[in-house]
Amino acid sequence: VESKRCLAYASHPKRLSPQGLLDRADFESKYGQLEPGRLLEELVGGLEGLEERMRALSIEELRCEVLALLDWREKANGRLKNLEKRVAWAFLGILPDSCGQAAIKKAFKRRV
């Protein structure tokens, strides 16, 4: 995939091919419906770019984008919570899902 188009889902095969690691469905389930390239454009465009883009959208298109962003945020928050747990377990020296509350308390007391 060309480096300029690597952040567009359409640049990747719909189904996994022998040359690829992820297919389009994998990208969408892992990173959400909004393409990373699109999010990057919005971040780089700043407030002026966002306002210009919003003026160009119809009410229905804007509604769909807002719903997609809310869905993306919900999934991202879930991933962050999972990452926070993994970091805490690593800090305490515990393998994830390998012990109960008593072992976690004991490991925490050792660290404090």
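Here is a short briefing on how the helices of this protein chain are arranged and which residues bring them together. The model is predicted, so please read each value below as computed from that model. The protein chain has four helices and zero strands, giving the pattern α-α-α-α when read along the sequence.

**The chain as a whole**

- Of the 112 residues in the protein chain, 13% count as buried.
- The accessible surface of the protein chain is about 9,300 Å², and carbon and sulfur atoms account for 59% of that surface.
- Looking at contacts between residues at least 6 apart in sequence, 34% join residues at least 24 apart.

**Helices α2 and α3**

- Helix α2 covers residues 36-56 and helix α3 covers residues 59-92; their axes come within 14 Å and cross at roughly 150°.
- That angle makes α2 roughly antiparallel to α3, because angles over 145 degrees count as roughly antiparallel.
- The crossing in which α2 passes α3 is left-handed.
- On the α2 side, the contact is made by Arg 38, Leu 39, Glu 42, Arg 53, Met 54 and Ala 56.
- On the α3 side, the residues are Glu 61, Leu 62, Glu 65, Leu 69 and Trp 72.
- Sorted by class, this contact of α2 with α3 holds six nonpolar and five charged residues, with no polar ones.

**A closer look at Glu 65**

- Glu 65 sits in helix α3 and is one of the residues that make the contact with α2.
- With a relative accessible area of 16%, Glu 65 counts as buried, because the cut-off for buried is under 20%.
- Leaving aside residues up to four places away in sequence, Glu 65 touches Arg 38, Glu 42, Arg 53 and Leu 57.
- Among these partners, Arg 38, Glu 42 and Arg 53 also belong to the α2 side of the contact with α3.

**Gly 37 in helix α2**

- Gly 37 is found in helix α2, and it is buried, with a relative accessible area of 16%.
- Gly 37 and Tyr 9 are 28 residues apart along the chain, and 8.8 Å separates their C-alpha atoms.

**Helices α3 and α4**

- Helix α4 spans residues 101-111; its axis and that of α3 come within 9 Å and cross at roughly 65°.
- From α3, the residues that take part are Trp 89, Phe 91 and Leu 92.
- They meet Ile 104, Ala 107, Phe 108, Arg 110 and Arg 111 in α4.
- The residues of this contact of α3 with α4 divide into six nonpolar and two charged, again with no polar ones.

Key
Residues are numbered from 1 along each chain as its sequence is written. This is a predicted model: local features need pLDDT of at least 70, side-chain atom pairs count only at pLDDT 80 or more; totals for chains, interfaces and linings use all residues. Side-chain values use heavy atoms; hydrogens and water are left out. Axes are lines fitted to C-alpha atoms, for helices over the stretch in contact, and angles run from 0 to 180 degrees between N-to-C directions. Helices (H or I, at least four residues) and strands (E, at least two) are DSSP runs, numbered from the N terminus. Angles under 35 degrees count as roughly parallel, over 145 as roughly antiparallel, 65 to 115 as roughly perpendicular and the rest as oblique. A crossing is left-handed if the near helix is turned anticlockwise from the far one by less than a right angle, and right-handed if clockwise. Contact means heavy atoms within 4.5 Å. Ala, Val, Leu, Ile, Met, Phe, Trp, Tyr, Cys and Pro count as nonpolar, Asp, Glu, Lys and Arg as charged, and the others, Gly among them, as polar. Buried means under 20% relative accessible area, exposed over 50%, partly exposed in between (1.4 Å probe, protein chains only). Accessible areas come from the Shrake-Rupley method with a 1.4 Å probe; for residues, only the protein chains shown count as cover.
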